[in-house]
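Me: I have a model open and a few questions about it. Can we go through them one at a time?

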Amino acid sequence: MEKTIAIVGAGLGGLTLARVFQAHGVATTIYESETSATTRAQGGLLDIHEETGQVALRAAGLYDDFRTLVRPGEDAKRVVDRHGTILFDRPADPGSARPEVDRGELRRLLIDSLTPETIRWGHKLASIRHRPEGGCDLTFANGSAARADIVIGADGAWSTVRPLLTPATPRYSGTCFIEIALAPGDPNHRASVAAIGSGTLIAAAPGKGITVHRYANGLVRGYVVLNKPEGWMRSIDFGDPSAGLRQVCDEFDGWSPLLTAFVTASDAKPLLRPIYALPVGLRWDRTPGVTLVGDAAHLMSPFSGEGANLAMYDGADLASELVEQPDIEVALAAYEARLFPRSSEVADRSAQNLEIFYGPDAPQSVVTLFDNP
Ligand SMILES: Cc1cc2nc3c(=O)[nH]c(=O)nc-3n(C[C@H](O)[C@H](O)[C@H](O)COP(=O)(O)OP(=O)(O)OC[C@H]3O[C@@H](n4cnc5c(N)ncnc54)[C@H](O)[C@@H]3O)c2cc1C
């Protein structure tokens, strides 16, 4: 392909896109705001789905390498009520269609698969505009500039490319996460850690929950989840982390101490993560030379576990289409004709799952969901 292709954002979506292009001999440049691959911790597990993420990794020629990252045993799921009573307990499945991998390791695999210099680190897109003669001019916060025939926004929730296509912006979902973690081997919390089982523990109730994952090395990481108005978040002061965590823990009055220990004893830097989502069913009119993949196109709550999977799938789908179809506008239209319905369907399910996890029928509704996947 003779055209210049700029990808904005080196998340899982942008990286998969670039990798599939390169697998077909098409050069691209990724502009990424972070200054290096290690600027931000990328921890957390992702289960990679057979129908989406794994399809993308096959298209990228990385499926066998991905299998080496799979964490056996960590896909076990346990659901408990506020007292810690086990309501659902699914053991790990060595043949799982949704194996778990560490997000950072997967991202590293994709980065290392690209030819050197593909990623321009430290290039935060500041503005983008169409050129009258076609293509776009991009300017970066570091003062540099670039020009491209095709621009793909893979720049996540707060995409700078998206306004070229749609005025839609993410809205607060009414749910916020607070990161929690316990270091491996702390004897004071052995019973809490044992209560997790070998994978993920979900303690849910109407409007709140605690979800933690136990890694093979004993590290525990997870989230407190609270349905709260935005004003409540401003009232939490993590200036003194333990006082802030105690304030969060007050929301779990009457819960088993085995569960609340994950909050009060957390040694993670407490951080509020409000969950935002774009409108379900978002679409835009075809705009020459520009499109979006991943969260930039369809940010949704994480309750279908599909955001990263879809981002990779979008990337592989778009690159394959552009490689096969010489007319760029025909290719972009064909990609978007598939993107809109598939993301709409998953975003709708995600929004419903948010209600299932922390709505009035939790935790029984969570058990029903796991029983009927
Ligand atoms: C708490 C939580 C749990 C989740 N769990 C799961 C899960 O289990 N499974 C799952 O599939 N998904 C999960 N998700 C969703 C998943 O994290 C996202 O959907 C996925 O990361 C989207 O990938 P992306 O490449 O589109 O965007 P991102 O991963 O956000 O990457 C965007 C990239 O663009 C860069 N960037 C941003 N702005 C600019 C700019 N102006 N210029 C240049 N670069 C820029 C960013 O630095 C970043 O590197 C979860 C999300 C959350 C919040």
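Me: How far is the polar side-chain atom of Glu32 from an oxygen atom of the ligand?
Reply: The separation is 2.6 Å. This is a predicted model, in which local features need pLDDT of at least 70 and side-chain atom pairs count only at pLDDT 80 or more, while totals for chains, interfaces and linings use all residues. Residues are numbered from 1 along each chain as its sequence is written, and side-chain values use heavy atoms, with hydrogens and water left out.

Me: And Arg103, what is the distance there?
Reply: A polar side-chain atom of Arg103 is 2.5 Å from an oxygen atom of the ligand. For Asn309, a side-chain N or O atom is 3.2 Å from a ligand oxygen atom. A polar contact here is a pair of N or O atoms within 3.5 Å; within protein, one must be able to donate a hydrogen and the other to accept it, and residues adjacent in sequence count only if both atoms are side-chain atoms.

Me: How much of the ligand does the protein bury?
Reply: The protein buries 83% of the 1,000 Å² that the ligand exposes when taken alone. Those areas come from the Shrake-Rupley method with a 1.4 Å probe; for residues, only the protein chains shown count as cover.

Me: How many residues surround the ligand, and which are the closest?
Reply: The ligand is surrounded by 32 residues, with Glu32, Arg103, Leu125, Asp295 and Ala308 the closest. A residue counts as near if one of its heavy atoms lies within 4 Å.

Me: Which helix gives the most to that shell?
Reply: H10 does, with 4 residues. Helix H1 (12-23), S3, helix H4 (103-113) and helix H10 (307-324) supply at least two residues each. Helices (H or I, at least four residues) and strands (E, at least two) are DSSP runs, numbered from the N terminus.

Me: Which residues does the FAD-binding domain annotation cover?
Reply: The unreviewed UniProt entry gives "domain: FAD-binding" for residues 4-168 and 289-344. UniProt positions are in the numbering used here, feature names are shortened, and annotations may be inferred rather than shown by experiment. The 289-344 span is 70% helix and 5% strand, and its end C-alpha atoms lie 23 Å apart.

Me: Switching to strand S1. Are its faces covered or open?
Reply: Both faces of S1 (residues 5-8) are covered, with Ile5 and Ile7 buried on one side and Ala6 and Val8 buried on the other. In a regular strand the side chains alternate between the two faces of the sheet.

Me: What does S1 pair with?
Reply: S1 runs parallel to strand S11 (residues 150-153), joined by 4 bridges, and parallel to S2, joined by 3 bridges. Two strands pair if DSSP finds at least two bridges between them. Val8 stands opposite Gly153 in S11, and the bridge partner of Ile7 in S2 is Ile30.

Me: What is the order in the open sheet of 3 strands?
Reply: The order is S8-S9-S10, with antiparallel pairing. Strand S8 (125-130) and strand S10 (145-148) each have a single partner strand, so one side of each has no neighbour in the sheet. Strand S9 (residues 136-140) is joined to S10 by 4 bridges, and Asp137 has Arg147 as its bridge partner in S10.

Key
Buried means under 20% relative accessible area, exposed over 50%, partly exposed in between (1.4 Å probe, protein chains only).
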